[in-house]
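These are my notebook entries on one protein chain. I wished to record how its parts are arranged.

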Amino acid sequence: MNIRGWSLVVCVLAVSLVLEATPAAFGQFSDLLARVPGGANALVLIDVDAFYRSPMALRKGWKEKFATRSSEQPIILPPEATRFVLASHLDPLNNLHSDWEAAVIDLSEPLSLNLLARAEGGYIDTIGKTSVVWTPSHAYLIQLDKQLMGMVYPDDRQEAARWIERMNSTKHAPLSPYLEQAAKHLRSGG
């Protein structure tokens, strides 16, 4: 399943979190949001820790089930994830087709790029000075920091290079005002 297929799964998980969790469960996302590319018109924010502590997740044993199955499936939300932000540009004139997607994932512990490459059936590459994993689902997994992973779909090398360069500079493309307001509303527990 590629990132597009997982986007639907992630949206369903986010809706489940909204329905089951307390308002405080959303946590802070500003540091992750600062890293997503500008031009996004859709966001999914998941406080993974709070999600797994939600009443439904505890009742159904989702954390344990997901950890068991994650080794058998492509990795978009690894068991080590604590917070997840997915930004995308959806084309409203083309049946909400996703032109691109980028995710930033905060991890409880570092992930090995070799392990990710094997799990995905891809290979390790370098874009600029940054190690990445190319996947057969046409995505790049990017090691942004020791415990921070990024993903970009589709696997446009030039766009990935521009995103990496923006993250390494002090200038970040801002989110649109409506997405920024929506994210602030969630962070405030509103």
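The entries below run from the whole chain to single residues.

**Basis.** I worked from a predicted model, in which local features need pLDDT of at least 70, side-chain atom pairs count only at pLDDT 80 or more, and totals for chains, interfaces and linings use all residues. Residues are numbered from 1 along each chain as its sequence is written, and side-chain values use heavy atoms, with hydrogens and water left out.

**Overview.** I counted eight helices and seven strands in the chain. Helices (H or I, at least four residues) and strands (E, at least two) are DSSP runs, numbered from the N terminus. I found that buried residues make up 43% of the 190 residues; buried stands for under 20% relative accessible area, exposed for over 50%, and partly exposed for what is in between (1.4 Å probe, protein chains only). I also looked up contacts, defined as heavy atoms within 4.5 Å. Among those between residues at least 6 apart in sequence, 60% join residues at least 24 apart.

In what order do the seven strands of the open sheet lie? I read the order as 1-2-3-7-6-5-4, with antiparallel pairing; two strands pair if DSSP finds at least two bridges between them. Strand 1 (42-47) and strand 4 stand at the edges with a single partner strand each, so one side of each has no neighbour in the sheet. From one strand to the next, the twist averages 20 degrees. I then examined strand 4 and strand 5, which pair in the antiparallel sense over five bridges. Ile124 stands opposite Val133 in strand 5.

**Helices across the sheet.** I noted that helix 6 lies across strand 4, strand 5, strand 6 and strand 7, and runs at about 10 degrees to strand 5. For such angles, axes are lines fitted to C-alpha atoms, for helices over the stretch in contact, and the angles run from 0 to 180 degrees between N-to-C directions. Helix 7 (residues 157-168) lies across strand 3 (97-107), strand 4, strand 5, strand 6 and strand 7, and runs at about 60 degrees to strand 4.

**Helix 6 in detail.** Which residues of helix 6 (residues 113-120) are buried? I listed Leu113, Leu116, Ala117 and Glu120. Seen down the helix axis, these buried residues fall within an arc of 100 degrees, so they line one face of helix 6; the arc is that of the directions from the helix axis to the C-beta atoms. Their cover includes strand 4 (123-127), strand 5 (130-135), strand 6 (139-145) and strand 7 (148-153). I then checked the two ends of the helix. Ser112 caps the N-terminal end of helix 6, with a side-chain oxygen 3.2 Å from the backbone nitrogen of Asn114. (A polar contact is a pair of N or O atoms within 3.5 Å; within protein, one must be able to donate a hydrogen and the other to accept it, and residues adjacent in sequence count only if both atoms are side-chain atoms.) Gly121 follows helix 6 and has a positive phi, near 75 degrees.

**Aromatic pairs.** I found three aromatic pairs in the structure. Rings of Phe, Tyr and Trp (its six-membered ring) pair if their centres lie within 6.5 Å; planes under 30 degrees apart count as stacked, over 60 as edge-to-face and the rest as tilted. Phe51 and Trp62 form a stacked pair, at 5.5 Å centre to centre and 20 degrees between the planes. Phe51 lies in helix 3 (residues 48-53) and Trp62 in helix 5 (residues 62-70), so the pair ties together parts that are 11 residues apart in sequence. Ring pairs link Phe51, Tyr52 and Trp62 into a cluster. Phe51 counts as buried, at 5% relative accessibility.

**Ala183.** I located Ala183 in helix 8 (residues 177-187). Ala183 is buried, with a relative accessible area of 2%. Leaving aside neighbours within four places in sequence, I found Ala183 in contact with Leu33 and Leu45. Ala183 and Ser30 are 153 residues apart in sequence and 8.4 Å apart in space, C-alpha to C-alpha.

**Backbone in the loops.** I recorded a cis peptide bond from Tyr153 to Pro154, with omega near 0 degrees. Pro154 is in the loop between strand 7 and helix 7. Is Asn95 buried or exposed? Asn95 is exposed, with a relative accessible area of 76%, and its place is in the loop between strand 2 (81-91) and strand 3. Its phi is near 60 degrees, a positive value in a residue other than glycine. His138, in the loop between strand 5 and strand 6, has a positive phi of about 65 degrees although it is not a glycine. I noted His138 as partly exposed, with a relative accessible area of 42%.
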